[in-house]
Amino acid sequence: MTGDRLLGALEFLREAERLKGTLRSGFTSTGRQESTAEHTWRLCLMALVLSDEFEGVDLLHLIKLCIVHDLGEALSGDIPAILQTEGMDKSAQERADLQILTRALHPDKRDEILALWEEYEAASSPEAVLAKGLDKLETILQHNQGRNPADFDYAFNLGYGRKQTSAHPVLAGIRTVLDEETRARAEASKAG
């Protein structure tokens with residue numbers, strides 16, 4: 001790696017570190033808001049743990065897609081699904097932010113990351129379809145596991161990401177389990 005390429009990679013990595021402080025709407029089991037970096041880490045872990053169930057899928061490619069899927073949020077932050085409105089183009093904002101974020105990288109690496117992100121957004125490969133489904137499931141899992149505020153809307157989980165989580169039988173099976181957990185958490189929160 002040449003000096004300029006190395007320096008560009010380090011600059012990018014320093015900027016991407018912002019994901020550690022980019023907060024999401026979910027809460028950890030200890031009661032603090034989770035970061036986008038933490039969400040991405042567990043999404044990648046899910047892909048690894050479940051990979052034997054995804055016949056014919058390139059695990060490295062799947063993990064690369066998971067790693068870059070929310071990278072653009074390092075600049076403008078996360079917009080929770082519950083707050084997204086009709087006509088809002090979250091994707092365009094993330095794309096623009098990702099282009100800024102990757103500007104210091106060697107053009108080949110920048111193009112690779114942007115292509116992975118575009119593939120994820122378009123769900124244009126079996127790996128991207130799985131990454132999108134796992135992304136929704138990780139969010140629901142965190143909502144179910146988190147120490148959430150009293151007014152947390154568990155009902156939102158039941159409709160969230162239906163299309164993406166029905167794209168593969170394993171995803172659908174996980175969804176069934178998580179929906180039952182969601183219903184139990186909702187009932188417990190009403191009683192509580």
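A residue is called buried when its relative accessible area is under 20%, exposed when that area is over 50%, and partly exposed in between, with a 1.4 Å probe and only protein chains counted. The structure shown is a predicted model, in which local features need pLDDT of at least 70 and side-chain atom pairs count only at pLDDT 80 or more, while totals for chains, interfaces and linings use all residues. Residues are numbered from 1 along each chain as its sequence is written, and side-chain values use heavy atoms, with hydrogens and water left out.

Leaving aside neighbours within four places in sequence, Leu62 is in contact (heavy atoms within 4.5 Å) with Ala47, Phe54, Val57, Glu127, Leu130, Ala131 and Leu134.

Charged residues can be followed next. A salt bridge is a side-chain nitrogen of Lys or Arg within 4 Å of a carboxyl oxygen of Asp or Glu, and a search of the whole structure finds twelve of them. One joins Asp70 to Arg24, with the closest N and O atoms 3.8 Å apart; this pair links distant parts of the chain, since Asp70 is in the loop between α3 and α4 and Arg24 is in strand β1 (residues 23-27), 46 residues apart. Asp70 counts as buried because its relative accessibility is 6%, and Arg24 is likewise buried, with a relative accessible area of 9%.

Another salt bridge forms between Asp179 and Arg162, whose closest N and O atoms are 2.6 Å apart. Asp179 lies in helix α10 and Arg162 in helix α9 (residues 162-165), so the pair ties together parts that are 17 residues apart in sequence. Asp179 is buried at 5% relative accessibility, whereas Arg162, at 37%, counts as partly exposed. Salt bridges that share partners also join Arg24, Glu34 and Asp70 into one network.

Glu73, in helix α4 (residues 73-76), is buried at 0% relative accessibility. Not counting residues up to four places away in sequence, Glu73 touches Leu19, Thr22, Thr36, Asp78, Lys90 and Glu94.

Two further places complete the tour. Most residues other than glycine have a negative phi, yet Ala123 has a positive phi of about 50 degrees although it is not a glycine; Ala123 sits in the loop between α6 and α7. In helix α1 (residues 3-16) lies Leu10, which at 33% relative accessibility counts as partly exposed.

Note on methods: Helices (H or I, at least four residues) and strands (E, at least two) are DSSP runs, numbered from the N terminus.
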